Amino acid sequence: MRAGRSGIRDNRSRGAVHEFMTERAVPDSRLSVVSAYFTTFAYDRLRTTLDSVEQMRFLFGEPRFLKDADNAGLVPPAFSFDEAGLRLTEQIRQRTAALRCAQWIRDRVEIRSVKRSGLLHGKLIHIDDGRRPHALLGSSNFTINGLGLGDAPNIELNLIVDSDRDREDLLAWFDELWGDKELTEDVREEVLRALEASYAHAAPEFVYFKTLLHLFGDFLTDQAREDVLIQQTAFEQTVIWRALFDFQRDGLRAVLTKIEKHGGCIVADSVGLGKTFTALAVIKWFEKRNRNVLVLCPKKLRENWTDYLAANNSDMNPLREDKFGYTVLSHTDLSREKGRVGDIDLARIEWGNYDLVVIDESHNFRSASRNKTAGGRRSRYERLMDDIIKAGLKTKVLLLSATPVNNDLSDLKAQLDLISADRIDGFTDLGVPNLGALIGGSRRHFSDWAKSGSRDVSQLLNKLPPALFGLLDGVTIARSRKHIERHYAASMERIGGFPKRGAPESVFANIDSQGGFPTFEAVDSAISRLELALYGPLTFVLHEYRTLYDRGGNFDQANREKYLIAMMKIGFLKRLESSVSSFRQTMDRMMARIDQRIRDLDTFDATASIDAPAPDDLELDDELEEAFEVGGALKYNLAHIDRAAWKAALMRDRERIAALAAEAHNITPHRDAKLERLKGVIRAKATNPTVNRDGEPNRKVILFTAFTDTARYLYEELLPLARECGLEAALVTGDGCKATFGQTRFQDVLVNFAPRAKRRASMRGAETKGEIDLLIATDCISEGQNLQVLVSTQN
């Protein structure tokens, strides 16, 4: 409806409030206004009209307005900072507007205010043009958006009063309030002082500190609030709080603030800054409020978290007095519908009943793909999103990863979606109305920069949307060791400094000291000729039965077997690179499995079935492992297979694998050239040790290998050398541990290898009269372990 046909002024389709004023406030008019707020910008927009009036009486309906020096919510910002970039707006002209407004008030305006907050709610504009009165009654305040002057004005509800009697009554009502000295007071000079402060020239120092306040005011307020809560809840008395360094305590405060404001946080501090202990402090904060907490971690890191649980009653738990009670599950448990994890029955667990979920190594959830298979079995990511985060309680999310982005910004988006519960507008309060659009645009800018061949990072940063940095600042904490060294001198004094990484040294060793083993190229050629028919039974399924085993989908059975065979071949070469012993054992196991399958075919029973091959003996990354899990178990009916063709292919493979195994069996430990080179490295470290900051000799050596076979082989072969050099040795694999000193439990071994980093002195049952110097391990300790001792690491 057009404004002329309606008495409503709504700053929308029925006309704006400022139009009512400019049309009726002719020169020498007298105005009486009631409003909770007043801004100089509203005056400045209407000054042509207002400068010509004879008098204006302004009654503040909200005294709190006068006590707020900035009234930031009512004043247009100096700039807008959104996905489009930086844009200057009106506030750049504030000083001039304030000067003009102050002079206008001195010349023509009287100002009073009610004394009690929340008492007067009405809004009124009364105009006497000398001939007749006009009045507008409703909701509009005397502000840019209240009067309909802004780019995005408020939708108001105001009504033009068209009755002479009512207009006179409104003015009488105004006069009664204006003249009531018990109810109102003169605040004209107070308003003028506030205006003077806004247009007076400020000292550079004041401008600097004012800028800092605006930049960090919210942060300081939040930090002060968290400090009060920490004191009120006696959180400072917890063991975990006392164990934190200053930089970890600051990190904790920031995490709690981000979780409270935005529903989650990504802690992406560099390796070695104690993300696990920071997370434990967050968990304790929630547990002190009787909240349920779930920890999801890689399977190999499970003990990192379970060791702190009160239920284990471990004397090796340095935080036992805090009595942690969170639930610990592995990432892979999300792929299971039933079974048990310790005392937890996965079929009966209430997934939606957690107030906080902590995800260790959260980059493993960088893929948000759904419905990978024709059967529709859900991925781990889907299970996490649908059953834990979206279902039941409103779940907060804490993500831990030193590398939240591995390959692409889509890795980051998948993790941010966990925080926002998959809501596209989940970060609107951080200036991101559409997360997908922001990440998509950022990816395109990165792609264009990469294609340009430039390596100037500043060019990339200038192209990325400013909203991306605002988002990251809002929900992430990412500090480097250099940052800690620069800003936390007291903590660094306690720590003694971070280990300095030496330059890597590449050692090239032959396989056979006598030169009899085939070249790597020859072995590669032999492996490439393998059919590995054991892992591709679908190839031999008769045509009429094929659809029973391969129903299509993005990762169907044909692709599963194809990729499995390719990975097995790569795995054989990786094992040879690791050690000739591991390669030999793998070839022996392959022959045993082929022999078993041939026996199955020779003793054919029309009702017999066999399981689809599994990727055994392979070390898969999380995405591939999940892909095979999603495929599920499959059984082949031998009656549906061309058994003669399959047996022939198996026999060809066996012959080739047997030849490789025979060559590997010729290489005894005495002929293992790589082993001999390794012994020389260990002997040199033991004979000429480095010295730690306390002047003590440090003979620590870690031997990392990808394969358990190699780790066991090295442990057995290096034990005599360790005894000769006076070194205590230990073996840590996913299948178990061995040690020449202390208990052979996983955490005991690590504590005895790095007693200072692991706080062994605070553990009641710890053995303290010795240390492990030689640690042989698989990648079960490659993540989430604090082993920061001056150490030689051999891969």
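This report looks at aromatic rings and their neighbours in a predicted model.

Residues are numbered from 1 along each chain as its sequence is written, and side-chain values use heavy atoms, with hydrogens and water left out. Because the model is predicted, local features need pLDDT of at least 70 and side-chain atom pairs count only at pLDDT 80 or more, while totals for chains, interfaces and linings use all residues.

**Ring pairs**

Rings of Phe, Tyr and Trp (its six-membered ring) pair if their centres lie within 6.5 Å; planes under 30 degrees apart are stacked, over 60 edge-to-face, and the rest tilted. By this rule there are 17 aromatic pairs.

Where do Phe 235 and Trp 285 lie? Phe 235 is in the loop between α8 (204–232) and α9 (239–243) and Trp 285 is in helix α11 (residues 275–287), so this pair ties together parts 50 residues apart in sequence. Helices here are DSSP runs (H or I, at least four residues), and strands (E) have at least two.

Phe 38, Phe 58, Phe 60 and Phe 142 make up one aromatic cluster.

A charge sits over a ring if NZ of Lys or CZ of Arg is within 6 Å of the ring centre and within 35 degrees of the ring normal. Arg 289 lies over the face of Trp 285, 3.7 Å from the ring centre, and the charged end of Lys 284 sits over the ring of Phe 324, 5.5 Å from its centre.
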